[in-house]
Amino acid sequence: MATVPVALAALLAAAGPAAAGTVGSSGAGDPYFPLAGNGGYDVRHYGLSLGYDPSTGHLDGKAVITARATQRLTRLDLDLSGLKVTGITVDHTKAAFRRDGQELVVTPRHALHRRQEFRVTVTYQGKPKPVTDPDGSLDGWIPTDDGAFVAGEPQGAMTWFPANNHPSDKASYDITITVPKGRTAVSNGVLLGQRTAHGRTTFRWRQSEPMAAYLATATVGTFKVERYTTPDGLKVYNAVDPREATAATPVLKKLPSVLAWESGVFGPYPYKAAGAVVDRAPNVGYALETQTRPVYDSAPDLSTLVHESAHQWFGDSVTLTRWRDIWLNEGFATYAEWLYAEQHGGRTAQQIFDALYASPAGDDLWAFPPADPGSGAHIFETPVYARGAMALQKLRTAVGDKTFFRVLRTWATDHRGGHGTTAEFTRLAERLSGKDLDQLFHTWIGTAGKPSSP
Ligand code: ARG
Ligand code: ZN
């Protein structure tokens with residue numbers, strides 16, 4: 001093979017970064033999920049129009065994505081897994097595209113300039129399939145016997161719409177779903193309207209507060225629907241699989257009081273709408289805090305309801321910028337369960353902490369530091385949930401109740417509708433307590449192994 005002359009090689013190297021500087025990157029830069037999200041733009045809004053036929057598993061989709069370029073762009077990526085793309089326009093002009101694994105590579109006719117607002121329209125169709133996560137669990141569009149259970153944490157959003165599929169980019173959503181009459185399609189936020197014609201029903205949902213793609217849902221099934229407005233004006237919409245209704249009803253009755261209790265502890269509930277989707281889905285094995293309206297794969301117990309509700313503050317309103325910080329979601333939601341128990345006649349958070357601390361050094365609980373799970377395969381494991389919550393109990397005893405609850409509320413308020421990182425949280429705790437907490441956080445969230453004292 002001929003070698004490239006030195007001078008030419010230098011020239012190419014010099015041209016490289018400049019040329020690459022006009023192409024949006026294929027990932028948001030998250031080492032746990034390198035291809036999740038994309039670079040070069042920020043999505044403002046997703047307008048999704050979907051049609052789903054549960055009997056064939058076929059989905060028809062149109063996504064209108066309004067975004068803003070953060071750099072000059074001759075090319076940009078979206079994430080989409082499976083499905084067939086039938087056409088793309090950028091600002092109403094036909095654009096070229098190709099598929100490369102989960103990357104949908106779009107080349108607009110005209111380059112987009114930095115800060116330009118633009119609109120990408122993608123039409124697509126096919127039989128959506130869930131993705132298998134590094135831990136072996138399924139997420140995304142998961143077909144059920146009567147519809148689909150739709151939950152996208154961490155990466156499943158791309159199985160049903162083209163997305164900038166990383167929590168660092170939040171956007172508002174309008175989600176319209178058409179299903180056969182008799183089925184219900186439930187999404188996030190407020191139900192704007194519902195209309196039946198020619199044997200099909202269209203549900204129009206609007207999520208106006210910013211939402212991460214993984215928190216979007218469009219769960220379809222045969223559901224019993226319950227709607228009401230709480231005394232403080234919250235619009236509740238519950239959809240329950242009749243096979244789960246007996247077990248779910250008494251728990252869902254408590255939703256308003258759980259949200260009111262959490263508002264008392266964490267500050268005002270961040271959304272206008274609330275509710276639950278209980279959809280029997282035997283191959284799922286988890287619930288997800290889909291924004292405003294968590295999805296449960298079976299009737300939840302009260303503790304799970306408290307957990308998914310707490311995520312509305314911690315995870316949904318205050319969102320991760322990288323998956324490594326997952327303890328900010330799961331440690332906090334788990335701690336909410338402990339606090340709820342403590343204030344409702346159960347064990348105190350300290351008793352739960354003590355019982356966990358008794359776990360032997362070899363236990364999974366101590367396998368890795370909550371703030372550093374090591375890879376995407378471990379983000380939903382015990383150290384993140386239980387030991388993450390233990391770290392908060394340690395913080396509480398170190399700074400006292402008054403400061404601790406102020407920290408939780410300030411965290412939720414200052415980052416409402418936005419993002420937060422572990423470093424920002426520890427700095428906030430230090431600022432409000434006036435204490436140096438380096439050692440505490442280092443031991444409880446930053447170091448593997450069982451700490452030598454509780
Ligand atoms: N965030 C969910 C919870 O409330 C767990 C989601 C698990 N997702 C998965 N693909 N395994 O704990
Ligand atoms: Zn959780």
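Trainee: In the hairpin of β1 and β2, which residue takes a positive phi?
Mentor: Strands here are DSSP runs (E, at least two residues), as are helices (H or I, at least four), and both are numbered from the N terminus. The hairpin has four residues between its strands. The phi near 75 degrees belongs to Gly57.

Trainee: What pLDDT do local features need?
Mentor: Residues are numbered from 1 along each chain as its sequence is written, while chains are lettered from A and ligands numbered from 1 in the order in which they are written. This is a predicted model: totals for chains, interfaces and linings use all residues, side-chain atom pairs count only at pLDDT 80 or more, and local features need pLDDT of at least 70.

Trainee: How many bridges pair β1 with β2?
Mentor: Two strands pair if DSSP finds at least two bridges between them. β1 spans residues 41-53 and β2 spans residues 58-69. Tyr52 stands opposite Leu59 in β2. The sense is antiparallel, and the bridge count is twelve.

Trainee: In which sense do β1 and β12 pair, parallel or antiparallel?
Mentor: β12 covers residues 171-180. Gly51 has Thr178 in β12 as its bridge partner. Seven bridges join β1 and β12, and the sense is parallel.

Trainee: Which are the edge strands of the eight-stranded open sheet?
Mentor: The order is β5-β4-β8-β2-β1-β12-β15-β14, with mixed pairing. Inside that order, β4 (84-90) and β8 (117-126) run antiparallel over six bridges. Val85 stands opposite Tyr124 in β8. An edge strand pairs on one side only, and here the edges are β5 (93-94) and β14 (190-197).

Trainee: Which residues come nearest to ligand 1?
Mentor: A residue is near if its C-beta atom, placed from the backbone, lies within 6 Å of the molecule. The shell holds 13 residues. By class, four are nonpolar (Ala, Val, Leu, Ile, Met, Phe, Trp, Tyr, Cys and Pro), six charged (Asp, Glu, Lys and Arg) and three polar (the others, Gly among them). Nearest are Ser137, Asp139, Glu153, Tyr286 and Phe380.

Trainee: Which domains each give the shell around ligand 1 at least three residues?
Mentor: Domain bounds come from an automatic or database domain assignment. The chain has domain 1 (21-211), domain 2 (223-317) and domain 3 (320-444). Each giving at least three residues to the shell are domain 1 and domain 2.

Trainee: What distance separates the centres of domain 1 and domain 3?
Mentor: The centres are taken over C-alpha atoms. Their separation is 32 Å.

Trainee: How do the residues of domain 1 that touch domain 3 divide by class, and what are the counts?
Mentor: Contact requires C-beta atoms, placed from the backbone, within 7 Å. Ten residues from domain 1 and twelve from domain 3 take part. The domain 1 side divides into six nonpolar, one polar and three charged.

Trainee: At about what angle does helix α2 run to β18?
Mentor: An open mixed sheet has the order β17-β18-β19-β20. Six bridges join β18 (235-240) to β19 (273-278) in parallel. Axes are lines fitted to C-alpha atoms, for helices over the stretch in contact, and angles run from 0 to 180 degrees between N-to-C directions. Helix α2 (245-252) lies across β17, β18 and β19, and its angle to β18 is about 165 degrees.

How values were computed: Contact = placed C-beta atoms within 7 Å.
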